[in-house]
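Here are my notes on this one, in the order I'd go through them. Have the viewer open as you read.

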Amino acid sequence: MTENKAVGFRDADAQAVLAAIDADETIAFLQSLVRVPSVNPPGDVVEAVRACRVPLDGAGFAVQEYTHAPGKPNLVATWGNQDGPQLAFNAHLDVVPIGDESAWQYAPFGGQIANGRVYGRGAGDDKASVTAQVMGAVALARSGVPLRGQLAVTEVADEETSGDGAIHVIEAAGLNPFGVIVGEQTLGRVAIGEKGTAGVKITVFGRTAHGALPWEGANAIEGIGHVIVALTKELQPQLAQRTHPYFKPSSASVNLIDGGVKANVVPDRCSIFIDRRLVPGEDPAETTAEIRLIAEQAIAGLPGMSVVVENPQEAIPATMSDPDGALVKAMVGANGYLGFSTELTGFSMATDGRHFAARGIPTIIYGPGDPKLAHVPDEWVGIDEVLDATKAYALAALALLGTGGE
Ligand SMILES: [Zn+2]
């Protein structure tokens with residue numbers, strides 16, 4: 001038996017685990033999951049959890065459900081040595097609404113196979129990751145390879161809305177993982193963390209007047225216009241400079257505007273919402289203060305106007321795991337062993353990973369599928385991508401929990 005020190009497992013063990021992955025069973029399981037319309041809202045995942053239990057119960061996992069709201073069980077399935085170090089997989093079972101059904105060529109909940117892909121809402125986000133995690137874990141169990149640690153597969157509700165499923169699992173299930181692999185669409189690349197969010201609402205207050213007598217008022221929409229121009233000129237060039245070796249640059253996008261009451265009334269209030277995404281190293285309070293300063297200066301010369309800048313939701317810094325840590329190395333090692341990408345990246349969207357990272361648990365994001373296909377009509381994931389991720393999850397867990405690296 002050869003020892004492969006670079007990846008932390010023996011070739012023979014890896015081959016036993018890979019041989020335990022059944023491609024047809026894996027893709028049929030993904031199809032069965034897509035056929036469960038776990039749309040959030042309302043976010044009922046009872047049937048999706050039931051579907052996950054079939055292979056997990058069958059492989060002998062200890063399966064528990066932790067329910068945080070009616071119709072919202074969160075699945076935790078464990079395998080291995082409960083006295084050893086624990087690794088957690090995490091992905092989500094809820095999906096976003098389908099939008100305008102006429103925009104779909106494939107049935108949104110058909111799980112249809114065409115062009116080497118599985119189509120449907122959630123095919124990629126996030127049931128491809130759920131599938132790969134569950135079937136990767138099942139392969140590890142079926143292989144019979146002994147583990148010194150324990151794998152905890154957590155598949156949760158409410159990722160697309162509140163994150164309450166992941167939070168509940170962390171609090172109720174008594175998990176104590178040394179690392180978490182969160183399944184989201186990374187195109188099979190290893191994301192060592194995720195960007196932060198510090199959304200900002202800017203409201204300019206002016207003075208109302210008859211639309212025919214605008215000099216009597218202070219037009220808040222015009223005030224916001226000054227703010228937007230100032231953000232474009234002063235903030236955007238700065239953000240473009242805030243690059244990071246693994247992440248896309250820091251960003252801000254004005255995504256909502258609200259102002260005006262009537263065609264012939266000078267508006268006394270106008271607000272915008274800026275979707276602000278942070279790279280590691282940026283402080284949410286500082287990034288909000290920076291926008292506040294620009295907004296205040298933009299309207300300083302405008303008579304009768306004032307501005308309020310606030311964070312409507314909790315602002316959260318970016319997360320990042322140690323690129324040289326065991327978790328990252330195991331995932332990269334698994335990818336390398338399988339001939340997949342070993343390039344590190346950062347995830348641009350928010351994931352449930354932030355709830356684990358906020359508790360000091362090293363967290364990475366890895367999964368099949370393209371994030372650009374999430375939340376759109378005719379969402380799909382490649383069959384090969386799902387099978388590749390299944391293998392990679394299983395081998396990463398083998399590296400971290402097996403005896404080959406001892
Ligand atoms: Zn997702």
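Predicted model: local features only at pLDDT ≥ 70, side-chain atom pairs only at ≥ 80, totals over all residues.

1. Which exposed residues does the face of α7 turned away from its buried side carry? They are Ala285, Glu286 and Ala289.

2. Residues are numbered from 1 along each chain as its sequence is written.

3. The buried side of α7 has Pro284, Thr287, Glu290, Ile291, Ala295, Ala298 and Ile299. Seen down the axis, these buried residues fall within an arc of 155° (taken over directions from the helix axis to the C-beta atoms), so they line one face of the helix.

4. That buried set packs against β11 (196-197), β12 (200-205), α6 (220-241), β16 (269-278) and β17 (306-310). Contact means C-beta atoms, placed from the backbone, within 7 Å. Helices (H or I, at least four residues) and strands (E, at least two) are DSSP runs, numbered from the N terminus.

5. Elsewhere, look at glutamate 160, in the loop between β8 (150-156) and α5 (164-172). Glutamate 160 is buried, with 23 other C-beta atoms within 10 Å. Its contacts, leaving out residues up to four places away in sequence, are Asn40, Asp94, Val95 and Val96. Asparagine 40 sits 120 residues away along the chain, yet the two C-alpha atoms are separated by 6.9 Å.

Note on methods:
Buried ≥ 20, exposed ≤ 12 C-beta atoms within 10 Å, placed from the backbone. Contact = placed C-beta atoms within 7 Å.
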